[in-house]
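Please keep the sequence and the structure open while reading.

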Amino acid sequence: MTDDNDDYPWEPPLAGTEVEHVVGALDRLRTTFRWKAGGLDSAGLQARTGASALTLGGLLKHLAAVEDHTFTTKLAGEPIGAPWDETGWDGSNDWEFTSAADDTPEQLYALWDGAVERSKARLDAALSNGGLDQLVHASADDGTHASLRRLVCDLIEEYGRHTGHADLLREAVDGLVGEDPPAGWRP
């Protein structure tokens with residue numbers, strides 16, 4: 001555990017606010033996922049392990065869609081919009097996983113990187129306008145709205161699950177192992 005932001009900018013502070021820790025945990029998982037999925041060619045992004053059809057390319061595309069869906073539709077009730085309305089996205093998780101095989105590595109990395117950039121801007125704006133306690137558009141069947149805290153925690157859970165998948169897939173591709181990116185790593 002370190003507090004050196006130059007070598008490890010993805011690390012949350014050792015003693016920060018709730019927002020710094022929650023957003024920091026999300027950013028650390030995003031960074032670890034991107035490191036596990038990064039720098040691969042088409043074959044690496046399409047590699048599978050065991051009986052699973054899961055690929056790193058599919059995970060990149062899926063998490064990009066989850067980022068945009070979370071911080072447009074769930075947060076504000078807006079349509080997911082570009083670039084999804086131009087890709088044939090049908091709103092199902094299966095599409096992201098299967099259609100990724102038709103995308104180049106450059107397209108997949110740009111899609112994920114762009115989605116995270118948009119999400120960070122939307123989350124920063126939402127935090128400025130009411131913090132983690134504010135209610136968002138997403139609601140349960142009884143009309144109870146979720147808080148922004150719930151959206152961020154759900155995204156942390158989503159990344160935790162899929163970063164574990166990425167860890168196994170990447171090790172099978174080229175043997176890359178480790179819990180965290182090395183000091184100074186950048187995508």
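## Model and conventions

This is a predicted model, in which local features need pLDDT of at least 70, side-chain atom pairs count only at pLDDT 80 or more, and totals for chains, interfaces and linings use all residues. Residues are numbered from 1 along each chain as its sequence is written, and side-chain values use heavy atoms, with hydrogens and water left out.

## Salt bridges between helices

Side chains of opposite charge can pair when their charged atoms come close. A search of the whole structure finds 15 salt bridges. The term means a side-chain nitrogen of Lys or Arg within 4 Å of a carboxyl oxygen of Asp or Glu.

Lys36 and Asp167 form one of them, at 2.5 Å from N to O. This pair links distant parts of the chain: Lys36 sits in helix H1 and Asp167 in helix H6 (residues 148-174), 131 residues apart. Helices here are DSSP runs (H or I, at least four residues), numbered from the N terminus. Lys36 is buried, at 1% relative accessible area. Asp167 is partly exposed, at 28%. Buried means under 20% relative accessible area, exposed over 50%, and partly exposed in between (1.4 Å probe, protein chains only).

Arg118 pairs with Asp68 in another salt bridge, with the closest N and O atoms 2.6 Å apart. Again the partners come from distant parts of the chain: Arg118 from helix H5 (residues 105-128) and Asp68 from helix H3, 50 residues apart. Arg118 is partly exposed, at 24% relative accessibility. Asp68 is buried, at 0%.

Which side chain does Arg170 meet in a salt bridge? The partner is Asp174, at 3.0 Å from N to O. Both residues lie in helix H6, four residues apart, about one turn of the helix. Arg170 is buried, with a relative accessible area of 7%. Asp174 counts as partly exposed, at 44%.

Salt bridges that share partners join Asp27, Arg30, Glu67 and Lys120 into one network. Asp27 is found in helix H1 (residues 18-37). Is Asp27 buried or exposed? Asp27 is buried, at 19% relative accessible area. Leaving out residues up to four places away in sequence, Asp27 touches Trp10 and Lys120. Such a contact means heavy atoms within 4.5 Å.

## A cis peptide bond

Ala82 and Pro83 are joined by a cis peptide bond, with omega about 0°. Pro83 lies in the loop between helix H3 (56-76) and helix H4 (93-99).

Conventions. Helix = DSSP H or I, 4+ residues; strand = E, 2+ residues; numbered from the N terminus.
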